[in-house]
Amino acid sequence: QVAGAMTGFPSPCGACKFLRRKCVNGCVFAPHFCHEQGAAHFAAIHKVFGASNVSKLLTGLPSIDRREAAATISYEAQARLHDPVYGCVAHIFALQQQVVNLQARLESLKAQGQQNYAP
């Protein structure tokens, strides 16, 4: 449920709540940052990217793409706070290393299986 101008309730969306401003009708953040948890998510976004930059980015996108963009920006902001140098790329590197390790283990197990079942 989205609060603020989008639903007619007096409480602002999470972004407007964090920014301590009135949530107006048509607020670009309201559909993506709910009143309950949106402020915490938006805090990271604001710290890393800035509210104005994110507002411009979301406004410049077709409305159908905004939800995914907001989720992606939120994920990247959280990752940047955790690892300021690499951000979410650190997750990608870790996953790539896991794939390499698992592929090596699979090849090792295949070789071991072939040795066990060789005539």
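What covers the buried residues of α3 includes α1, α2 and α4, where helices (H or I, at least four residues) and strands (E, at least two) are DSSP runs numbered from the N terminus. This is a predicted model, so local features need pLDDT of at least 70 and side-chain atom pairs count only at pLDDT 80 or more, while totals for chains, interfaces and linings use all residues. Residues are numbered from 1 along each chain as its sequence is written, and side-chain values use heavy atoms, leaving out hydrogens and water.

In α3, look for A51, V54 and L58, which are buried (under 20% relative accessible area, with exposed over 50% and partly exposed in between; 1.4 Å probe, protein chains only). Seen down the axis of α3, the buried residues fall within an arc of 65°, so they line one face of the helix; the arc is that of the directions from the helix axis to the C-beta atoms.

Setting aside neighbours within four places in sequence, I45 is in contact (heavy atoms within 4.5 Å) with F33, G50, V54, I73, S74 and A77.

Zooming out, the protein has five helices and zero strands, and buried residues make up 28% of its 119 residues.
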